[in-house]
Amino acid sequence: MEGTNNQTGEYIAVDLRDFFDTPEEQNEQDVGIVVLTPHQQQMYDNIISVAKTVDPDKYEVFEKRMRDLEDLARSIAHFPSLLERHNLSGGERTPQSLIDSLIKHQAEGDYTLQLPSKATLGKGFLVAKIHTFSSLYKFAKSIKQPDAVWQELQQETITLMCSLLAEDVYLNLLHDPSVEMEFKQKLAMALLLLWEHRTDQNVSDIAPTLLKIWTARRKLAPAFGTMMGTSELLMLSMQLDDQWTTFMKAKLGDSGVSQAMEEFLFGISHEQILQLKTILRTKGIPAISRDEVSSFLGVHVKADAGLDYRDFYSLYTVRRDNARVRARMRLAGPHKTIEDYFIQFVMEQEKEKQNNDHFAK
């Protein structure tokens, strides 16, 4: 199969088997959409057994919802696999031709009609699954299950939401001219696997850190004065793991990363940050609270949010859309979100580790 050379732009031979570690792992790619992973199945079985005893009506609702998800997954499975060769009305389609199409299509605007039907349908399945686990979490908390039970369901809900977020990030990076072609090949293949199965190992590895970042950010009380966020960033990093600390040390000197981090920390856009700096400097005000931001800017801004996964994703999409506009219009400010930068960094680190392990053999 053919791919693209990251130096010259010319096509070179690429074997899709390179994306899988072993033949056994490659065989596992043929199972279609995963309704529940083994871990999710265990969580579901545990809470549904409780529901059957304490609230039979809720038990029936949850069981019906799970049957609906299974029916939806079976329906989507009727669409051609993205990991196999097919002769379609538009011509032959292979995994590599899909990868090449994703990489070469650089048109601006919404991508929906450029994507395979299976990708769009699977996104609906994922949203339904997210809502299902959110309902299970709320139920577990309402009947006063042990903290570990409902916290695990909450974590899984946010991990599933991160799969939705990762899909956006992969597409963003595929359309970023600064990303090397070899890495775009990896991103495109990750997208195909995500669309085919609606699971992603990268997300499973990264989601706990993203949740920690979001949780830590909520605990901070940024001083909207100098708007530097240095102390807030230090506090945030101290609460997180080595993966995030390594990322901060390696990338915070990049102006795009630091600006994207400011947007994330303060919960307002780069343009609003600059405007607020000017207002406070002009008025001689050293600092204000989060609650005062809207009145100073003259518009309502949601500078804070709870742990609800919908808030997490909604505020990410605001920053994502703003970054896309800046990139398209060639405006100052971050052209990526902090999630873009972080996920790209983690994937590049993992690729480097795999290469080192390969050469060490």
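Which residues does Arg326 touch, leaving out those up to four places away in sequence?

Reply: Before we zoom in, this is a predicted model, where local features need pLDDT of at least 70, side-chain atom pairs count only at pLDDT 80 or more, and totals for chains, interfaces and linings use all residues. Residues are numbered from 1 along each chain as its sequence is written, and side-chain values use heavy atoms, with hydrogens and water left out.

On to your question. Leaving out residues up to four places away in sequence, Arg326 touches Glu263, Ser269, His270, Glu271, Leu331, Ala332, Gly333, Pro334 and His335. Touching here is contact, meaning heavy atoms within 4.5 Å. With Glu271, there is also a polar contact between the two side chains, at 2.7 Å. That term covers a pair of N or O atoms within 3.5 Å; within protein, one must be able to donate a hydrogen and the other to accept it, and residues adjacent in sequence count only if both atoms are side-chain atoms.

Arg326 itself is buried, with a relative accessible area of 1%. For burial, the cut-offs are under 20% relative accessible area for buried, over 50% for exposed, and partly exposed in between (1.4 Å probe, protein chains only). You'll find Arg326 in helix α14, which covers residues 309-329. Helices (H or I, at least four residues) and strands (E, at least two) are DSSP runs, numbered from the N terminus. The chain has 15 helices and four strands in this scheme, and 47% of its 361 residues are buried.

Now follow two of those contacts. Glu263 is one of the buried residues of α11, a helix that runs over residues 255-266. Nine of the twelve residues of α11 are buried, so the rest of the structure largely encloses this helix. Besides Glu263, the buried ones include Gly256, Val257, Phe264 and Phe266. From first C-alpha to last, α11 reaches 16 Å, close to the 16 Å expected at 1.5 Å a residue; the expected span is 1.5 Å times one less than the number of residues. At the start of α11, a side-chain oxygen of Asp254 comes within 2.7 Å of the backbone nitrogen of Gly256. Just after the helix, Gly267 takes a positive phi of about 75°.

His270, another contact of Arg326, is among the buried residues of α12, along with Gln272, Ile273, Leu276, Ile279 and Leu280. Those buried residues pack against α11, α13 (293-297) and α14. Next comes Gly284, with a positive phi near 70°.

Back on α14, have a look at Arg324, which is also in this helix. Arg324 counts as partly exposed because its relative accessibility is 27%. Leaving out residues up to four places away in sequence, Arg324 touches Tyr111, Asp168 and Asn172. Lys336 is twelve residues from Arg324 in sequence, and their C-alpha atoms are 7.3 Å apart.

Arg324 also leads us to a pocket. The second largest pocket has a volume of about 920 Å³. Of its 34 lining residues, the closest to the centre are Tyr111, Leu171, Asn172, His175 and Arg324. A pocket is found on a 1 Å grid over the protein atoms alone: it is an open set of points where a 1.4 Å probe fits, with protein on both sides within 12 Å along at least five of seven lines, and lining residues have an atom within 4 Å of a point. Grid points are joined across faces, edges and corners, and the volume is the space filled by probe spheres set on the points. Helix α14 gives the largest share of this lining, seven residues, while α5, α6, α14 and α15 each supply at least two.

Finally, Arg330 lies in the loop between α14 and α15. Although Arg330 is not a glycine, its phi is positive, about 55°. Arg330 is exposed, with a relative accessible area of 78%, whereas Arg326 is buried at 1%.
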